[in-house]
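Please walk me through this model in the viewer. Tell me what to select at each stop and what I will find there.

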Amino acid sequence: MYRHLERRLTQKIREFLQQTYSIELPRIVIEQPPKVEFGEYALPLAFELAKKLRKAPRKIAEDVVAGLGTLEGFEKFEVAGAGYINARVDRAYVAKALANDEKPTTEAVSGKVLVEHSSINPNKAAHIGHLRNAILGDTFVRLLKSAGRAVDVQNYIDNTGVQVADVVVGFLHLEKKSRVEIEQLAERPQFDYFCWDVYARASQWYEQNADNKKLRLQTLHEIEQGGNETASIAELISTAVLRRHLETMDRLDIEYDFLPRESEILHLHFWEAAFTKLKESGVLTFESEGKNKGCWVMRRAGTASAKDSTTEGTEIAEEDQKVIVRSNGTVGYVGKDIAYHMWKFGLLGRDFNYEKFYRYPNGHECWISSDKGAPDHPHFGDVAEIYNVIDARQSEAQNTVIEALRGLGHNEAADHYTHFSYEMVALTPCCAAELGYTLSEEDKSRAYVEVSGRKGFGVKADDLLDKLIASAKNEVDSRHPELSDDERKNIATQIAVGALRYFMLKFTKNSVIAFDFKEALSFEGETGPYAQYAVVRASNIFRKGGFDPDKFSAGEIDFSKYLSDSSANEIWELWLAAAKTSYVIGQCIATSEPAYLAKHIFQLAQLFNTFYHRFPILTEANESRKQFLLATAAVVRRELIHALQVIGVQAPAVM
RNA sequence: GGGCGCGUAGCUCAAUCGGAUAGAGCACCGGAUUUCUAAUCCGGGGGUUGCAGGUUCAAUUCCUGCCGCGCCUACCA
């Protein structure tokens, strides 16, 4: 609604400027006034025009206001301050549309979007860093879907990398486990936790002597090769850990459609197909001397090629070279990534084979890449737009892939390739100490310490969730002894998930989260449960009053009576915030920043809580005013539930 | 050395391509008719937005230079 009116206003202003001054501005800036008394939209337009028109801003603003006339949905325009033009909407018009849940028709965007997130190495339990990735990714998926986009959710599995090799080495050479023993362990519920420790031990063991490291390299080669016992054990381990990751993420209502694996990228020869094209197009060049002698290299992203017009042809300064194919002929991960991304855009000319892998309790089927494949499978890849949720440390690699696509002439694909970059989750030194890790003096003085799977240093996702559930369960137990234990468990889980998801979303993407248990375990203040509680309060009003909030009819209400005068500003602010939800969702998608929606939810909940205190509804003597207040609660409740659903948070029945 | 990012209240963070008096939460202090359940609400203190210049009617935001911090910068994935 808010967005719809803004568009209408922009259009009107454009027409006016064209007709009156014959001016075409590239962009009409529309802001939100600092206070609701000033109206709903503010235009600093007059300041911009002052120079062009050689008139005082204030005078221009007055002229614009006088000449603008009327506009549907708007009450009036006025001049404020040194030359702001403030627009006031017709409050009753907006409220009525909102109460009736009228959605302005939006043009459907065609083309499928591919969002890839999580991508946890299948060699150990997921930790809080992975949670940030998965929650950001899943929320972005929900944002896109709520805007009507068709989305494929992928989780890339690097099942042939060194991390997997390390656990395999750990099991076979350090723990001396047989295949049968590993199979038995893999059946155990917390196999990923077991691997967590094995991985950390193996990493330490490498430091002991050089032979151990040789074993690692040999194991890695066997895994990459495939078709041998080592590869088979690696597959066994990585698949079992992968299942655990899916279970962990499912606890947070995070699901995937397809799991492409690196093993298939190798076995189905994606790279060979890409290599040919990369050589033909000159993206890759062969180095015949220098430190990268014998390698196929490409220009490192960000080392501008435009400026060095002096170097002729395809010469790339040594420090700007990124090795794609090693001198022994093997391809590095960036190369595989280029091939994989050509597949995503349908540019490779090859496809995976697919088989069913995991069925969610709700019946949703998750597919996985495979060598053989099932005959009937959904169509993946070949999309119009992609988003890769990958942390900021990999931005250079991501940019290299984008440059490769560009070099191949696929500019459109490159333009629709978004590295959805975010910063890592680290631990506060205090938190690290709580976990029993001893830190160096240097680390203690830092604001945060990076987690390290290699050192087994971090907070496991399931542990954190268990802690949150236990803490929420305590509260629910004491507040609602009348409920069954199952019901209380269920509510506690919803609260825990709400707290965790909100926590990961409240920070903007490029701020490092210094994780601290006290903050993450809080259910008060700016948290998910705060917003959930606001919904519960709204529901309670209807429950106690004997009404159904979802069937509440606003037909008879005279909104202008209750919203028009300035004494109604407080309630109007709440209506306005509710009207902004879809606008905020649009902002989140445009900027790839889910934090805006989290903040919006909190603000809406905050305004509602104030309203809740100020205006007792059920005791309201004036029946028509009571209906109006009920309509207010119904609309806010509906918008909050919707917005919470978009960030993947459910509102419990009671709290 | 080069690339990317960050520096805002005691702490953790916001501030929508530059806009009106820089906002929240936590912590601290003081309050809220035992009510639609207080996981809430109201009030209070707390800021030279790292420093110095520049551009602009307007700078936390853009530009330049410093200072400080983080990440990336392997023929590892």
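Is Asp63 buried, partly exposed or exposed? Select the residue and show the surface. This is a predicted model. Asp63 is partly exposed, because its relative accessible area is 23%, and the buried class ends under 20%.

**Stop 1**

**Stop 2: Arg8 and Glu72**

Now select Arg8 and Glu72. Their side chains meet in a salt bridge, 3.9 Å from N to O. Colour by element to see what is joined. Arg8 belongs to helix H1, while Glu72 sits in the loop between helix H3 (57-68) and strand E2 (74-80). The pair links distant parts of the chain, 64 residues apart. Glu72 has 52% relative accessibility, so this residue counts as exposed, the class that starts over 50%.

**Stop 3: Arg614 and Glu570**

Go to Arg614 and Glu570. Here the closest N and O atoms of the salt bridge are 3.4 Å apart. Arg614 lies in helix H25 (residues 595-614) and Glu570 in helix H23, so two distant parts of the chain are linked, 44 residues apart. Arg614 is partly exposed at 49% relative accessibility. Glu570 is also partly exposed, with a relative accessible area of 30%.

**Stop 4: a network**

Select Asp192, Arg244, Glu247, Arg251, Asp462 and Asp466 together. Salt bridges with shared partners join these residues into one network. Across the structure there are 46 salt bridges.

**Stop 5: the second largest pocket**

Next, show the elements that give two or more residues to the lining: helices H1 (2-21), H4 (91-99), H5 (128-146), H23 (569-579), H24 (581-591) and H26 (623-646).

Which element gives the largest share of this lining? Highlight H24, which provides six residues.

Finish by colouring the lining by residue class. Expect 13 nonpolar, nine polar and nine charged residues.

How values were computed. Residues numbered from 1 in each chain as written. Chains lettered and ligands numbered in written order. Predicted model: local features only at pLDDT ≥ 70, side-chain atom pairs only at ≥ 80, totals over all residues. Heavy atoms only, no water. Helix = DSSP H or I, 4+ residues; strand = E, 2+ residues; numbered from the N terminus. Nonpolar A, V, L, I, M, F, W, Y, C, P; charged D, E, K, R; others polar. Salt bridge = Lys/Arg side-chain N within 4 Å of Asp/Glu carboxyl O. Buried < 20%, exposed > 50% of the residue type's maximum accessible area, 1.4 Å probe, protein only.
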